[in-house]
Amino acid sequence: MLGLIPPGLILIVGAILIPLVPARARSWAFLVFPALAVAVLANLQPGEHLGWGFATYELQLLRVDALSLVFGWVFALATLVAGIYALHLRDTGQQVAALLYAGSTLGATFAGDLFTLIFFWEIMAFASAYLIWARGTKEAYGSAMRYLFVHLFGGSLLLGGALWHIADTGSIAFDAFEGGFASWLILGGFAVNAAVVPLHAWIADAYPRATVTGTIFMSALTTKLAVYTLARGFAGWDILIWAGCLMAVYGVIYAILCNDIRRVLSYHIVSQLGFMVAAIGIGSTLAIQGAVALAITNILYKGLLFMAAGAVIYSTGESRMSQLGGLYRQLPAVFWIYVVAGLAIASAPFLAGFISKPITIYAAEYAGLLGVVLLLHLVSVGTFLSVGLKVPYFTWFGGEPKKPIQAAPVPTNMYVAMWVAVGLNVLLGVWPDPLYNMLPGGVPDYEPYTVASLTKGFQLLLFTALVFFAITNYLKPKQKIQLDTDWFYRTSAQLAWRTAVVPVERFFKWCEDFTWDATRKIARKGFDPVAWTRSILGRPGPEVGIPGETASTTLRVSMTVMMVFLLATIAAVMLIIVI
Amino acid sequence: MSQLPALIPTSLILAGLLSLLVGLRSLRAGHLIALTGTAAAFLLSVVGLVEVTSSGQPIRYAVGGWIPPIGIEFVLDHLAAYMTTLVTGIGTLVLIYAPRSIRHESPGKSALTYPSMALLVAGLAGMSITGDLFNLYVFLEIAALAAYALLATGDRAGPFATLRYLLIGAVGGGFYLLGVGFIYFSVGSVNMADVAARLPELVESRSVITGAVLMVLGLALKMGLFPLHFWMPDVYTNAPSSSAGLIAPIMTKVSAYAIVRLMLDVFPPAYFTEAIPIAATIGWVSAAGILFGSIIAIGQQDYRRMLAYSSVGQIAYVGLGIGLANPIGLIGGLLHIVNHALMKGLLFLIGGAIRWRTGLVRIPDMVGLGRKMPWTMYAFVIAVLAMVGIPPTAGFFSKVYLMIGAVQADAWVWFAVIILSSLLSAIYFFRMVEFVFRDVENESDAADDSATGGVTARELEGAVAGEVPPSMFIPIAILSAAVILVGVFNFLIVRALLEPAVAPLLGG
Amino acid sequence: MRLNIWQLLFGFALLGSLVLGLMQRKEWVYLWDFPLFFALTGLLGCLFLSWVAKGLVSPLLDRPEDFYDASEKDPDWSGESPAVAPPSSTSRGRTRVGKEG
């Protein structure tokens, strides 16, 4: 029985119940729900469960297989850790939103049909938008609106494509797509959430502006769910290989440039997603396993990176590297936590990244895509440079900032959450078997720890670091932002308004005014036709004034005239039809 | 219970007249009578609904015992029961809501408002039940006259807008009547069932074609179908909030229903699609209307005007359903009748509540309102989610059905239009939501003083905290719940009511 | 040259990885089997990426932090009314009639 409860439902119920819990216990009560979800996950049986009739279709609310199960686990665990990180929070709105968000993500993970997927996809968009909006700054408000519109747009693509697909095939099942215009629309919808370039700008716009605790949830859920949906629906689609490579490079270049720490991390999500998307495009069993493993471990160390960055922001109130520096004395523990995370994301040996990312590269090698392999190695260099070296150096060292910073103490629960994540990173790094056993297709045909791979890993990291320390000043962060594809819709709104809306309004208003003026003129002439005729013939006579004119008479006459006009027009039309 | 169909409009008319007489003496009694009559009609409609769905057979009633086709007949079938329940239900809720609102916005005119409301509901219910084409015109005019009375009591520009509406409405009614005349001329009867039986032989006749076109044209004008919508913005903007809350949800919908009734039960199947391309025309015009309404709504600063243009777009959804002319598309359009009635009614009632508490009607002035009227604004969020079409609200499902219908009919342009319109609606509605929930005190750039010199947000902070009285809030709460419940349980409505209603489309 | 403990360790690690790399005996199937490939990738790759980012992309795309603020004020609600005002036909009808005749 326990194995038939959708884990997502537990969290959604939690979202409804949480406001009823007394305020002081709320953050703790929050943890109950993901914990319950984990318990349920442990009991889920593979198979297709929970059918539900809708119109003439049979929905499938709980589809359990290796792919959905492994993602379900990591989403539930991530929610739990993020909940620990947020124990200090006193904002019910965010707590409700976070549970709703995580719950619908799980609902979407286990959805076996397209309708259920779309249903939860839309709810995710709103719940996560709230987490941005809750920050309360002017930029956050704007960012939340843009985030919402982008995701509604993606959701529309998904809805449109899904309905089309259902009409074509007659099936609502969510499985691998064969091709055809409908599947491209669906791919578009997934691509928005997966931050495929050029639809990626929302990540760099929204994640840095969300609340400190909210971003942890966001980084773990939306994009990784998109990876799941791509893996299920579009494995082996070649275009994803090229899209992924573009994303990997694009993201890492921007990551090297950005000033705001969380913006660096956000662009870097795009880059990491690029690895995953490219691997899904390759489509071999090994490649998919690599993509999934990378997604799972990414949640662990990306989440940790955001947590550490969040701790810095919480404590100092500042998120830009140009305004930070010299924090080592005040926040040493956070520094070392961040270093571990940075090494993990760069696939340093003995950490979680080392047992996952190389699989994707190896799969590319195995598939004969040598250019892709070289590119991905280059991107790995950039990864370490931007996230693993530049950020920690300029935040915790790099000279004192112009305005001295006083770091407030970081709450204990944040440390607990971060150390848990560190532990998980190290654990999986040295003992990857629990993850490997859960991958779709069984244990991957890849041996992470060989002398050769260790050597490669160390060489890459050490020499990148060498160059970094040599050219540190060249890479100093500037207090600037970089333009991205969101420029198109952020500046064009005014323009679109002027071109699309205003002319239509003006036209209709002109029509109205014209009609009124015309009828009024005729009404006046109609009152005293004799005088009017006289005035035309040039014979002066008494003024063309209207005796006893009041507002109401003119109105009445205007009305009558207009009515006569309309009826005459219609009579004419009718005559034409009949004859 | 075969007198049920007659009891519904009768009780409403009776309530209206009594309310008028008594109301001149005691406002409260007048209101109570109108409310009781409408509530009774609602209960009767529900009973009728249950009976029709369980027996599967329509309830027929011949007025005055005169046997149709000479006599006038009331027919309560699935579709009619669906419409009357909606109309009387909204009527009841608005009548509960009306007193405080009317006293605030148009003091001194309450005595006329309640009877007019009852008569409006009477007219619309009668339109839904009648089985006679001419009788439909009679009830149409009853409803229209009541509407004019309701609207004329509004703002400064109210009487003028009403006069204009009267003119246009008269033209519309005139077209419809002319069309009925043509049909009578050719067929020799105005009873719907009779005409349906006799028409198939006369399909080629020119006068039948003219009659059909005129009838549809008249109804389209009353429905507010683009480009015959131009009366709507001024009417909705200048009407008192409760009147708008009554007229906007149901008046245009019943006219749309009438077109559907013509298409399904009066004219032969496929007449509107094959013999004359009425359905296709309506469909294309609706597609344009959807886009037009959504785009223009973006520019509006007055809350009610924004809702008016939004309604132009939304009624066009129903038109699109008519245009698709396939079962699922039509089901989507019909479901949207109820969905939109609930959502728009809710939005107008919320507007009235805002006006009651703060006197504001312009959106830029409403910044930060979420603090002063949180519960009302939560209801507003629900309404907005429904308008944009987010699951599990009602708006999502009618949108999906329409899209499925469009796919089945290979109408790709209309498919894209539906998707685009949700995004456009999202723009103007979410913008307002965001505006309303902003944290005004902590924000660096607060809103400017409004250009009209009215109340600013800052001045409001001195006002007494608190929201709206229960008589206004309860209908709002009921409608909010309905919006979600109708969404979640829409399959019941579809299966029990709408599928039987569109059955004629499948046969022949 | 005075080096602190960290720099010494770092230097050792660098050298160590180079030595290990040279000790690998592997067939040259792919480009990256070349002994010091990854060291070179790290070295050259880092230089290359830094140059592309800072030297090419940054000058093109850098903007001041408040770049978007001007275009993102609520455009239509800043006090200007858009084209559609309350029906001017109403006011026009009344005022004109009142003044003339």
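This is a predicted model: local features need pLDDT of at least 70, side-chain atom pairs count only at pLDDT 80 or more; totals for chains, interfaces and linings use all residues.
Let's start with H1 of chain B, which runs over residues 4-23. This helix has 20 residues, and the distance from its first C-alpha to its last is 27 Å, close to the 28 Å expected at 1.5 Å a residue. Quite a few residues of H1(B) are buried, including Pro5(B), Ile8(B), Pro9(B), Leu12(B), Ile13(B), Gly16(B) and Val22(B). So what covers the buried residues of H1(B)? The cover includes helices as well as strands of chain B: helix H2 (27-55), strand E1 (59-62), strand E2 (73-76), helix H3 (78-105) and helix H4 (110-129).

How many of the 15 residues of H17(B) are buried? The count is 14, so the helix is mostly covered.

| Helix pair | Crossing angle | Axis distance |
|---|---|---|
| H14(A) and H15(A) | about 160° | 8 Å |
| H5(B) and H10(B) | about 160° | 11 Å |
| H12(B) and H18(B) | roughly 20° | within 9 Å |

Take the chain A pair to begin with. H14(A) covers residues 357-366 and H15(A) covers residues 370-396. Their angle is about 160°, and anything over 145 degrees counts as roughly antiparallel; therefore H14(A) and H15(A) are roughly antiparallel to each other. Their crossing is left-handed. From H14(A), the residues Ile361(A), Ala364(A) and Glu365(A) meet Val372(A), Val373(A), Leu376(A) and His377(A) of H15(A). Sorted by class, this contact of H14(A) with H15(A) has 5 nonpolar, 1 polar and 1 charged residues.

Next comes a pair in chain B, made of H5(B) (residues 133-152) and H10(B) (residues 241-266). Are H5(B) and H10(B) roughly parallel or roughly antiparallel? They are roughly antiparallel, and H5(B) passes H10(B) in a left-handed crossing. On the H5(B) side of the contact sit Leu136(B), Ala143(B), Ala147(B), Leu150(B) and Leu151(B), which meet Ser243(B), Ile247(B), Met251(B) and Ala258(B) of H10(B). The contact of H5(B) with H10(B) is made up of 8 nonpolar residues, 1 polar residue and no charged ones.

The last pair is H12(B), residues 278-298, with H18(B), residues 412-436. Their axes cross at roughly 20°. Angles under 35 degrees count as roughly parallel, and therefore H12(B) and H18(B) are roughly parallel to each other. This crossing is left-handed. Among the residues that make the contact are Ala287(B), Ile290(B), Leu291(B) and Ile295(B) of H12(B), along with Trp414(B), Val417(B), Leu420(B) and Tyr428(B) of H18(B). By class, the contact of H12(B) with H18(B) divides into 13 nonpolar, 4 polar and no charged residues.

One spot to check is Ser347(A), in the loop between helix H13 (332-345) and H14 of chain A. Its phi is near 60°, a positive value in a residue other than glycine. Is Ser347(A) buried or exposed? With 28 C-beta neighbours inside 10 Å, Ser347(A) counts as buried, since 20 or more is the cut-off.

Chain B has Ala325(B), with a positive phi of about 55° although it is not a glycine. Ala325(B) lies in the loop between helix H13 (303-324) and helix H14 (327-358) of chain B. Ala325(B) is buried, because 25 other C-beta atoms lie within 10 Å.

Back in chain A, the peptide bond from Val197(A) to Pro198(A) is cis, with omega near 5°. You'll find Pro198(A) in the loop between helix H7 (181-193) and helix H8 (201-206) of chain A.

**A look at chain C**

Chain C has 3 helices and 1 strand. Along the sequence they follow the pattern α-α-β-α. Chain C has 101 residues, and buried ones make up 15% of them.

Methods
Residues are numbered from 1 along each chain as its sequence is written. Chains are lettered from A and ligands numbered from 1 in the order in which they are written. Helices (H or I, at least four residues) and strands (E, at least two) are DSSP runs, numbered from the N terminus. The expected span of a helix is 1.5 Å times one less than its number of residues. A residue is buried if 20 or more other C-beta atoms lie within 10 Å of its own, exposed if 12 or fewer, and partly exposed in between; C-beta atoms are placed from the backbone. Two residues are in contact if their C-beta atoms, placed from the backbone, lie within 7 Å. Axes are lines fitted to C-alpha atoms, for helices over the stretch in contact, and angles run from 0 to 180 degrees between N-to-C directions. Angles under 35 degrees count as roughly parallel, over 145 as roughly antiparallel, 65 to 115 as roughly perpendicular and the rest as oblique. A crossing is left-handed if the near helix is turned anticlockwise from the far one by less than a right angle, and right-handed if clockwise. Ala, Val, Leu, Ile, Met, Phe, Trp, Tyr, Cys and Pro count as nonpolar, Asp, Glu, Lys and Arg as charged, and the others, Gly among them, as polar.
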